[in-house]
Amino acid sequence: MPALLDSSTSLHTLHVDRHVGLYRAHMLVYSLAILVLLYHRTATLLTASKNSFSSLVIHFSLLLADAILAFMWACCQALRWRPVRRREFPHRLPDPDLHEWPALDVFVCTADPRKEPPASVASTALSMMALDYPAHKLSVYVSDDGGSEVTLFAFMEAARFARYWLPFCREKGLVGRSPEAYFASPDPCGDSESQKMKMMFDAMKENVESAMDKGCVRNDFTASAEELQFFEKWKGFVRNNHPSIIKVLLKSDEDRDITSTPLPNLVYLSREKRPSYPHHFKAGALNVLLRVSGIMSNAPIVLTVDCDMYANDPKSPQRALCYFLDPSLAPKLAFVQFPQHFEGLNKHDIYGGEIRRLFRINSYGLDGLHGPNYVGTNCFHSRRALCGSSPSSNLTDSKAPYVGSIGSEPTMARVHDMAACDYEQGTKWGSTIGFRYGSLVEDYYTGFRLHCEGWKSVFSDPAQPAFLGDAPKSLHDSLSQCKRWVVGLFEVAFSRYSPLTFGTRNASLPMGLGYGYYAFWGIWCVPIITYALLPQLALVSQKPLFPKASEPRIYLCAYLFLAAYGQDLADFVMSGGSVARWWSDQRMWMIRGVTSYLFGTIEFALNQVGIPSQGFNVTNKVMEEEQSKRYDNGVFDFGIASPFFISLGTTAILSLASFIAGITRVAVIGIRVFDEMFVHLFLAGFIAANCLPIYEAMFFRSDNGKMPRNVTLTSIFLAGLVLYVGGFLFNTY
Ligand SMILES: O=c1ccn([C@@H]2O[C@H](COP(=O)(O)OP(=O)(O)O[C@H]3O[C@H](CO)[C@@H](O)[C@H](O)[C@H]3O)[C@@H](O)[C@H]2O)c(=O)[nH]1
Ligand SMILES: [Mn+2]
């Protein structure tokens with residue numbers, strides 16, 4: 001298709017960020033400033049080490065903290081080297097009636113019916129079935145790692161509801177096609193037809209919810225006799241110990257909606273689980289889906305989505321096709337990633353749930369190198385890339401595997417075999433084929449390995465978010481999620497596939513650094529904790545660690561601090577974020593430093609010495625009403641006695657105490673102290689300002705989301721202890 005290369009007919013364009021010159025100049029200046037700082041730190045350490053052991057400890061900690069900050073800064077520069085933005089022109093695609101579009105298989109994963117309500121999962125699947133794509137080329141597969149009969153029941157209901165819902169979406173031209181999201185939106189269409197649809201959807205939801213309450217599917221539901229018989233399989237069924245269950249719910253060559261238009265295929269699958277076989281969490285589930293769909297529909301393009309990420313633009317597959325149908329790009333293209341956008345975040349996004357840097361800003365940066373990382377959802381993959389071919393292999397030389405009629409007996413026998421838990425033994429699944437095993441962040445790891453094999457990827461970020469999902473709306477959930485990521489990222493960082501070694505060799509230097517920025521995420525805890533403790537202890541003991549306000553060297557400190565924060569703010573705002581959300585984001589960075597990053601690092605270290613942890617703890621997608629009200633009002637939610645909050649409370653109290661002690665001394669002794677301790681006062685004050693919601697939760701709130709009394713008391717006690725020990729340390733400084 002040479003015509004596609006012509007600029008007026010090209011399917012997509014790419015623009016390099018017009019500020020790259022500025023970024024690179026700043027990179028140079030800032031790196032010099034870092035070198036000067038590290039030189040000073042080293043020189044001080046050398047003289048300090050002669051003074052006393054405590055000086056040695058203190059200055060070594062500071063050097064280590066700054067060296068880690070410098071390392072992370074250096075990795076981050078790869079992401080700023082060449083940020084790009086792309087645009088697609090789906091209207092220029094060849095007509096699907098005249099030109100064959102590749103088929104599309106959609107994978108929806110769910111893992112726990114209590115944390116991921118089956119009716120919502122079904123809603124997500126309905127939004128995928130309603131994608132604007134030829135129905136005979138579209139198949140939706142749902143993997144249920146929760147092994148829940150209620151989830152299957154929800155999908156049976158959804159298959160019935162789809163006959164009405166899909167024509168309704170087409171007729172109304174809906175953009176967001178999840179029924180749950182549509183009927184919850186402030187302005188769903190009010191006409192009688194919409195009301196009828198809503199009633200139908202509510203009835204379906206009620207059926208599913210009451211099945212959920214009962215814990216099983218009984219005769220009093222709408223299911224047919226044949227369907228009910230299917231549920232007999234769940235007798236004596238344990239979640240982590242059961243045979244595979246696969247049911248074809250809709251077949252596109254037989255099933256029609258109420259306007260006689262074909263429906264897409266819909267398949268429910270719960271793979272076999274046995275306690276003695278590792279199941280590799282989500283990566284394992286996706287690999288079963290890859291194999292099973294390879295037999296049933298074998299679409300060359302595979303879309304993976306989390307159960308809470310619904311389609312918010314029915315034309316997103318067309319956008320992906322703009323890349324997959326470009327002959328100059330296609331042979332090496334492994335995936336097209338759309339960002340994770342979240343709905344229902346509160347105004348200032350107090351838990352930084354947007355994760356803008358990770359999901360958007362950095363992706364523009366990686367896209368200018370070999371392509372964005374895979375983030376687990378909203379991603380269109382080339383099946384060829386996942387199935388172990390290499391980018392240099394000929395596009396047509398992959399053998400077409402057996403594809404059977406989707407529900408036929410031989411097909412069903414084959415797919416049951418492929419969903420068995422011993423199927424992968426002795427195969428390359430998880431090592432060089434499919435989604436890769438060995439990390440809790442299977443998405444990051446799989447994308448990274450593909451890039452190392454020479455594959456490329458593309459980031460598409462259209463103005464209308466292609467997918468929308470839920471971010472954790474409780475602080476504890478958000479911190480636990482981040483802790484899981486930290487552990488998973490370390491698993492890659494310290495493996496033989498470390499981005500810094502394997503990545504820089506096999507992908508490229510900047511790609512290796514860019515991936516390294518993520519892999520070593522957890523080590524942020526070292527500088528964050530150092531700066532949350534040492535300057536405060538020094539302030540209380542009146543022993544300055546930093547230059548005086550009147551010394552010229554203060555300019556170096558000021559530049560390093562202000563430029564880093566300023567650039568972070570600029571990136572955030574230029575990518576469309578608000579200043580208030582940036583403030584929340586930087587606060588969450590500090591909060592994670594003393595919680596997720598710290599505990600994730602500890603958990604990883606314990607795993608290394610053979611102490612196992614809980615693995616993939618699925619993020620909760622349901623919330624109590626009172627809790628969500630607090631969230632909507634932007635009020636921090638503590639409420640439970642978690643080690644996270646003790647660590648957080650201790651550092652918050654420490655900064656407040658030292659700030660008060662410092663200010664009091666300035667008031668009593670005078671401006672000389674201010675000059676001498678300026679940096680310390682600033683740091684303690686800055687952290688305390690960030691901690692205002694924590695103090696409020698500790699001392700001024702009485703609702704259920706307040707800091708539990710015993711957490712507050714423990715934090716005060718621990719802060720006291722740290723001050724006491726710090727007193728000794730600085731006494732001999
Ligand atoms: O054993 C498991 C565990 C999880 N999941 C599914 O994986 C998805 C993501 O799980 P969630 O608990 O929502 O994790 P998050 O941390 O919110 O997810 C982010 O991080 C994960 C890696 O840690 C990626 O897989 C996700 O795509 C990415 O959105 C959900 O649909 C789950 O149902 C499974 O299918 N099997
Ligand atoms: Mn999630």
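The dialogue below takes up the ligand surroundings and then two annotated residues.

Q: On what basis are residues, chains and ligands named here?
A: Residues are numbered from 1 along each chain as its sequence is written, and chains are lettered from A and ligands numbered from 1 in the order in which they are written. This is a predicted model, in which local features need pLDDT of at least 70, side-chain atom pairs count only at pLDDT 80 or more, and totals for chains, interfaces and linings use all residues.

Q: Which residues come nearest to ligand 1?
A: A residue is near a molecule if its C-beta atom, placed from the backbone, lies within 6 Å of it. Of the 25 residues around ligand 1, the nearest are C109, A111, F281, G376 and T619.

Q: Which element gives the largest share of the shell around ligand 1?
A: Helices (H or I, at least four residues) and strands (E, at least two) are DSSP runs, numbered from the N terminus. Helix 14 gives the largest share, with 4 residues.

Q: Which residues does the UniProt annotation "active site" cover?
A: UniProt annotations may be inferred rather than shown by experiment, and their positions follow the numbering used here, with feature names shortened. In the unreviewed entry, "active site" covers D145 and D443. D145 lies in the loop between strand 4 (138–144) and helix 4 (149–172), whereas D443 lies in helix 13.

Q: Is D145 buried or exposed?
A: A residue is buried if 20 or more other C-beta atoms lie within 10 Å of its own, exposed if 12 or fewer, and partly exposed in between, with C-beta atoms placed from the backbone. D145 is buried because 25 other C-beta atoms lie within 10 Å.
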